[in-house]
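Hello,

I am passing along the structure we talked about, and I hope you enjoy looking through it. Could you open it first and then read my notes below?

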Amino acid sequence: QLQLVESGGGLVQPGGSLTLSCTVSGITSEYYAIGWYRQAPGQEREEVACISSSDGNTFYANSMEGRFLISRDKNTVYLQMNKLEPEDTAVYYCAADLWGRICSPRPDSWGQGTQVTVSS
């Protein structure tokens, strides 16, 4: 059974850094993509950064490029977030697309989410 479990969220001051982890289990597909998405209160969920399992290709949303870094190590995908701003406050989810589509708007499976709060 496919499972994605996020961890690493918390409270951080503006300008600080945080690294989220997404541990993936139960994937049988050879080609898949893992993405980080976020949803702030009252807003729609949006993609943050995504990575392909086959070739490591990555995609970043415009506002995250240069501040966030997505990487993977075996069955864990990381999201390193730097220079965090209050506007980055949201629940962050990781999701898997079993067709290998990067930052698919409709991934096949979601984690439960982890809260990130940027505040002084």
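Cys94 is buried in this predicted model, with a relative accessibility of 0%. Its partner in a disulfide is Cys22, at an S to S distance of 2.1 Å. Cys22 is buried as well, and its relative accessible area is 0%. The link of Cys22 and Cys94 is right-handed, with 65 degrees about the S-S bond. Because Cys22 sits in strand S3 and Cys94 in strand S9 (residues 90-97), this pair ties together parts that are 72 residues apart in sequence.

How many disulfides are there by this rule? The count comes to two. The other joins Cys50 to Cys103, with 1.9 Å from S to S. There the turn about the S-S bond is 95 degrees, and the link is right-handed. Cys50 belongs to strand S5 (residues 46-52) and Cys103 to the loop between S9 and strand S10 (109-110), so parts 53 residues apart in sequence are tied together. Cys50 counts as buried at 0% relative accessibility, and Cys103 counts as buried at 13%. If you number the bonded cysteines of the protein in sequence order, the pairing reads 1-3, 2-4.

While you are looking at strand S3 (residues 18-25), please stop at Ser21, which is found there. Ser21 counts as buried because its relative accessibility is 17%, under the 20% cut-off. Leaving out residues up to four places away in sequence, Ser21 touches Val5, Glu6, Ser7, Trp36, Thr76, Val77 and Tyr78.

Note on methods. Residues are numbered from 1 along each chain as its sequence is written. This is a predicted model: local features need pLDDT of at least 70, side-chain atom pairs count only at pLDDT 80 or more; totals for chains, interfaces and linings use all residues. Side-chain values use heavy atoms; hydrogens and water are left out. Helices (H or I, at least four residues) and strands (E, at least two) are DSSP runs, numbered from the N terminus. Buried means under 20% relative accessible area, exposed over 50%, partly exposed in between (1.4 Å probe, protein chains only). Contact means heavy atoms within 4.5 Å. A disulfide is a pair of cysteine sulfur atoms within 2.5 Å.
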